[in-house]
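Work through the following exercises with the sequence and the model at hand. Each task is followed by a solution in steps.

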Amino acid sequence: QPTAVDSTLTSNASFPQAGIAGRLARKTDNVRGLWMDSGTQWFGLSGEMANVEEFGAIGDDATDNVTAITNAINSGARIVFFPPGTYRITSALTPVAGQIWIGSGESAQTIIKQVTNNTDGIKIPVDAFSMRDIRVQGPGSASGTGNGIHSSGTPANCYFYNVSVTGFGTYGIRLNTFSKGRFYAVEVGSCGSDGWRLEGGV
């Protein structure tokens with residue numbers, strides 16, 4: 001059970017090392033609001049939004065961020081926010097139904113970079129997923145069978161705005177039995193096969 005809020009822990013500098021699961025603190029600088037000690041790290045309880053950096057993601061184009069980003073996705077937040085940076089991954093990311101992923105703005109300085117051959121970047125098996133202001137990069141057009149964004153199952157009501165997909169071995173965007181989706185300012189290029197593949201029910 002959560003413990004009482006410690007009002008003395010107000011800044012990054014005053015936060016102690018994590019280790020007491022359920023401890024709460026209110027922060028007044030940087031990512032403000034109520035924070036909880038998970039026992040291994042502090043994370044913000046912002047309700048609707050999860051910042052991937054709060055879960056340990058590092059956009060340095062070197063760190064494998066699969067675990068950190070997956071923890072943010074599965075945190076229960078409706079919105080997952082990616083600050084500016086290049087977030088390397090080594091396996092596909094999978095959103096939850098009704099979730100929105102947001103990058104750092106119109107200039108799309110948020111990059112999700114798949115570095116593993118024969119591997120999708122983002123796999124979508126759920127309804128009502130939205131993504132905006134994010135670039136999805138693959139390991140190269142000769143990298144095998146991976147797709148940048150790949151729907152599986154029968155997802156519906158998915159929306160994409162200001163998204164670019166490049167450098168995957170097969171298709172940039174591959175939609176299988178996908179319905180009721182909308183795409184605005186979406187660019188696809190430099191993939192091993194076609195940029196888009198639409199299969200059944202689109």
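**Exercise 1. Surface and overall make-up**

Determine how much accessible surface the protein has and what part of it belongs to carbon and sulfur atoms.

Solution. The accessible surface comes to about 9,200 Å², and 50% of it belongs to carbon and sulfur atoms. Accessible areas come from the Shrake-Rupley method with a 1.4 Å probe, and for residues only the protein chains shown count as cover. The model is predicted: local features need pLDDT of at least 70, side-chain atom pairs count only at pLDDT 80 or more, and totals for chains, interfaces and linings use all residues. Residues are numbered from 1 along each chain as its sequence is written, and side-chain values use heavy atoms, with hydrogens and water left out.

Next, take the burial. Of the 202 residues in the protein, 45% are buried; buried means under 20% relative accessible area, exposed over 50%, and partly exposed in between (1.4 Å probe, protein chains only).

Then count the secondary structure. There are one helix and 17 strands. Helices (H or I, at least four residues) and strands (E, at least two) are DSSP runs, numbered from the N terminus.

Last, consider the contacts (heavy atoms within 4.5 Å). Among contacts with a separation of 6 or more, 53% are between residues 24 or more positions apart.

**Exercise 2. Salt bridges**

State how many salt bridges the structure holds, and describe the pairs formed by aspartate 37, aspartate 61 and aspartate 133.

Solution. There are five salt bridges; a salt bridge is a side-chain nitrogen of Lys or Arg within 4 Å of a carboxyl oxygen of Asp or Glu.

- Asp37 pairs with Arg23, with the closest N and O atoms 2.9 Å apart. Asp37 is in β3 (residues 33-37) and Arg23 in the loop between β1 (5-6) and β2 (24-27), so the bridge ties together parts 14 residues apart in sequence. Asp37 is buried at 0% relative accessibility, and Arg23 is buried at 15%.
- Asp61 pairs with Lys113, with the closest N and O atoms 3.3 Å apart. Because Asp61 lies in β6 (residues 60-64) and Lys113 in β10 (residues 110-114), this pair ties together parts 52 residues apart in sequence. Asp61 is partly exposed, at 29%.
- Asp133 meets Arg132 at 3.2 Å, N to O. Asp133 is buried at 5%, whereas Arg132 is partly exposed at 32%.

Finally, check for shared partners: Asp61, Arg88 and Lys113 are joined into one network.

**Exercise 3. Positive phi**

Give the strand and the burial state of aspartate 133 and alanine 185, and state the phi of each.

Solution. Most residues other than glycine have a negative phi. Asp133, in β12, has a positive phi near 60° and is buried, with 5% relative accessible area. Ala185, in β16 (residues 182-189), has a positive phi of about 50° and is exposed, at 51%.

**Exercise 4. Cysteines**

Solution. Cys158 is buried at 0% relative accessibility, and Cys191 is buried at 13%.
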